[in-house]
Every structure is written in structure tokens, then in C-alpha cells.
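Please keep the sequence and the structure in view while reading.

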Amino acid sequence: MPIVYLVIPCYNEEAVLPETIKQLIHKLDAMIAKGLVDQQSRILFVDDGSKDKTWEMIRRSHEENKQIIGVKLAHNRGHQNALLAGLMTAMEYADCAISLDADLQDDIEVLDQFVEKFQDGCDVVYGVRNKRDTDSAFKRGTAQGFYKLMKILGVDVVYNHADYRLMSKRALEALSEYKETNLFLRGIIPLIGYRSDYVYYDRHERFAGESKYPLKKMISFALDGISSFSVKPLKIISNLGIFISILSIAGLLYALISYLTNQTVAGWTAIVASIWLLGGLQMLCIGVVGGYIGKVYNEVKARPRFRIEEFLKK
């Protein structure tokens with residue numbers, strides 16, 4: 001029987017944590033009783049620098065039940081880095097790790113299927129949503145648009161998959177070799193290779209608390225994913241520059257012919273419109289290039305992606 005670690009990143013989750021801990025303990029006990037996982041399996045919570053009582057609740061739960069263990073990061077590093085910290089910790093003790101969110105939206109009843117596919121020889125098992133009925137029309141449309149855009153840009157991501165997945169010890173060791181600071185695990189993990197499969201599930205409404213991914217963060221996350229895994233935006237800028245250059249030459253020839261044939265007229269509107277259009281395009285292109293340069297800047301500094309302040313061991 002495999003030793004399985006459930007890895008749950010947390011940031012200000014005091015509202016939902018008691019119910020999450022209760023349900024996960026019940027589910028882990030059921031899996032142990034079923035003979036599906038080893039008794040040394042654990043539930044690992046990662047506190048990403050929470051400002052509420054999240055860590056105190058994790059500590060208290062650990063004292064009451066040794067199945068609960070915890071990692072406290074020295075300061076807030078974001079969901080992806082917190083998740084990575086948990087996975088790298090689990091790698092040292094577990095045969096496989098399953099990552100999921102703390103808000104009870106991921107259906108824990110399919111955890112058995114994850115482990116069964118691992119026992120069948122899969123190193124990575126992706127949790128994929130059957131549908132997005134619980135999302136608003138806006139969020140559903142933007143999410144689907146994001147996945148389609150990533151595909152167009154050549155990024156290999158699993159459609160309707162977030163961070164609900166199982167990774168074997170071998171896959172985790174491979175993940176540890178990816179050293180980039182700008183983390184986008186949904187794009188990195190498919191690059192690992194190895195045998196993979198899918199588990200389909202229905203996502204629930206959030207049990208309590210507020211979403212940690214408002215629109216602003218979702219847009220930032222999407223832009224990070226695109227710029228971390230695709231240089232096509234830079235190629236688009238190059239092609240756009242060539243296209244505008246051709247148009248400029250055509251416009252110059254037209255202006256020259258008009259001048260030679262004495263057909264010139266006042267064109268204040270056209271001139272102003274073209275100046276604003278080209279100026280806007282230039283600023284946009286500079287911004288895109290600057291985004292890539294900023295990522296290079298962060299990478300070459302090679303700062304630690306996370307720092308563990310405290311570890312409540314099993």
C-alpha cells in the first residue's frame with residue numbers, strides 16, 4: 001500500500017479549515033480502512049503566510065491528530081510557491097502526493113480513483129472538471145478562453161484542470177529539477193512526461209470564506225502562464241511590426257504620388273488618428289517586451305522560491 005500525502009496550500013482559510021480538516025481526516029481513515037493507502041499517509045497543510053488564525057488551527061489539529069502535519073512559510077509567496085513547498089516536503093516521505101485546494105470545492109470522493117490509477121502505474125493523474133456549472137457566465141467564459149488561448153500559443157495544458165492532481169515520488173523528483181522562479185505548475189508538469197491519466201469530477205461550491213483568486217489575480221496568473229511558456233507574443237509583435245512597416249511604405253508612396261500630382265489635401269484627422277494608433281501599438285509592444293525582460297530579471301536573481309519557518313512533522 002502506498003504512503004499518500006494530501007497537500008493543501010492555505011492562505012487565510014480559518015473560515016473553512018475546521019470543516020476541511022474534518023472531512024479529509026474522515027476520508028483518509030476510510031482509505032486506510034479500505035486498504036487503499038498506508039497508515040503512514042498524512043494530510044499536509046501549507047500555511048502561505050496567513051494573517052488570520054490558520055496556522056494556529058493547523059498546529060492545534062496536529063496536536064490532536066498526528067495525521068495532520070503542517071508547513072509554515074516564513075512569508076506569503078503565492079499559491080504556486082506554497083504548493084511547491086508542500087510537494088517538495090511530501091517528496092521526502094511519501095510514495096505519491098495529491099494536491100488540492102482548502103476550500104472543499106475539489107471533490108474528495110474521487111481520491112480513491114487517483115490512488116487506483118497510481119497503483120496501475122500512472123506517475124501523474126490530473127483531476128479534470130466535468131463541467132463548470134458552479135461558475136458565473138463571465139468566469140466560465142474567461143476560463144475557457146484562457147485554455148484555448150494557451151493552446152493557440154503552444155502551451156501544453158490540460159483543459160479544465162487546475163491543481164487537483166496526483167504525482168508519484170518519481171514525478172516529484174523530476175519536478176524538483178525545474179528551477180524557474182516564475183512558477184506555473186499547470187504548464188510545467190505536462191513537460192515532465194511519464195505515464196499520466198485523468199480523473200473526472202464535479203466541482204462544488206465553496207464551503208465558506210472568500211475566493212483567493214479575484215479577477216485581478218486571475219488575469220495576472222493567466223499572463224504569468226502565457227509569458228512563462230510561450231514566446232509567441234514576441235513573434236506576434238515582430239510580425240505586427242513588419243505589417244505596419246509595409247503599410248507605412250504604402251502610405252509614404254501614396255503621399256508622394258499625391259504631392260507630385262498636386263492632389264494633396266488637409267488630413268488632420270487621419271494624421272492624428274495614425275499617430276495615436278501607432279503610439280498605442282508601440283506602448284503595448286514595449287509593455288509586452290518589458291514583461292519578458294522582467295521575468296528574465298527575476299530568474300537571473302535566482303532567489304529562493306520559498307522558505308520554511310516551521311514544520312510540524314508526523
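## Terms and overall make-up

A residue is called buried when its relative accessible area is under 20%, exposed when it is over 50%, and partly exposed in between, with a 1.4 Å probe and protein chains only. The model is predicted, and local features need a pLDDT of at least 70, side-chain atom pairs count only at pLDDT 80 or more, and totals for chains, interfaces and linings use all residues. Residues are numbered from 1 along each chain as its sequence is written, and side-chain values use heavy atoms, with hydrogens and water left out.

The protein has 314 residues, of which 45% count as buried. It contains 10 helices and 8 strands, where helices (H or I, at least four residues) and strands (E, at least two) are DSSP runs numbered from the N terminus. Contact here means heavy atoms within 4.5 Å; among contacts between residues at least 6 apart in sequence, 84% join residues at least 24 apart.

## The nonpolar cores

A nonpolar core is a set of buried Ala, Val, Leu, Ile, Met, Phe, Trp, Tyr and Cys residues joined through side-chain atoms within 4.5 Å. The largest one has 36 residues, and those with the most contacts inside it are Leu6, Ile8, Ile43, Phe45, Ile98 and Phe114. Two or more residues are given to this core by strand 1, helix 1, strand 2, helix 2, strand 4 (96-99), helix 4 (111-119), strand 6 (161-168) and strand 7 (196-201). Helix 1 gives the most, with 7 residues. Apart from this core lies another, of 32 residues, among them Met167, Leu172, Ile188 and Ile189.

When its neighbours within four places in sequence are left aside, Ile98 is in contact with Val4, Tyr5, Leu6, Val7, Leu111, Phe114, Val115, Tyr164, Arg165 and Leu166.

## Helix 2 and its buried side

Helix 2 (residues 54-64) has as its buried residues Thr54, Trp55, Met57, Ile58, Ser61 and His62. They cover an arc of only 160° around the axis, which puts them on the same side of helix 2, the arc being that of the directions from the helix axis to the C-beta atoms. An α-helix has 3.6 residues a turn, so residues three or four places apart point the same way. The exposed residues Glu63 and Glu64 are carried on the face turned away from the buried side of helix 2.

The partners of these buried residues are strand 1 (4-10), helix 1 (17-33), strand 2 (42-47), strand 3 (68-73) and strand 8 (308-312), against which they pack. Thr54, which lies in helix 2, counts as buried at 0% relative accessibility. Leaving aside its neighbours within four places in sequence, Thr54 is in contact with Cys10, Asn12, Glu13, Glu14, Leu17 and Asp47. Of these, Leu17 is 37 residues from Thr54 in sequence and 7.5 Å from it in space, C-alpha to C-alpha.

Met91 is found in helix 3 (residues 79-91) and is buried, with a relative accessible area of 10%. Met91 and Ser176 are 85 residues apart in sequence, and their C-alpha atoms are 9.4 Å apart in space.

Helix 7 (residues 185-192) is mostly covered, with 7 of its 8 residues buried, namely Leu185, Arg186, Gly187, Ile188, Ile189, Pro190 and Ile192. Just after helix 7, Gly193 takes a positive phi of about 85°. Tyr194, in the loop between helix 7 and strand 7, has a phi near 65°, a positive value in a residue other than glycine, and at 37% relative accessibility Tyr194 counts as partly exposed.

## Leu104 and the cysteines

Leu104 lies in the loop between strand 4 and helix 4, where its phi is near 65°, a positive value in a residue other than glycine. At 10% relative accessibility, Leu104 counts as buried.

With a disulfide taken as a pair of cysteine sulfur atoms within 2.5 Å, the count comes to 0 disulfides.
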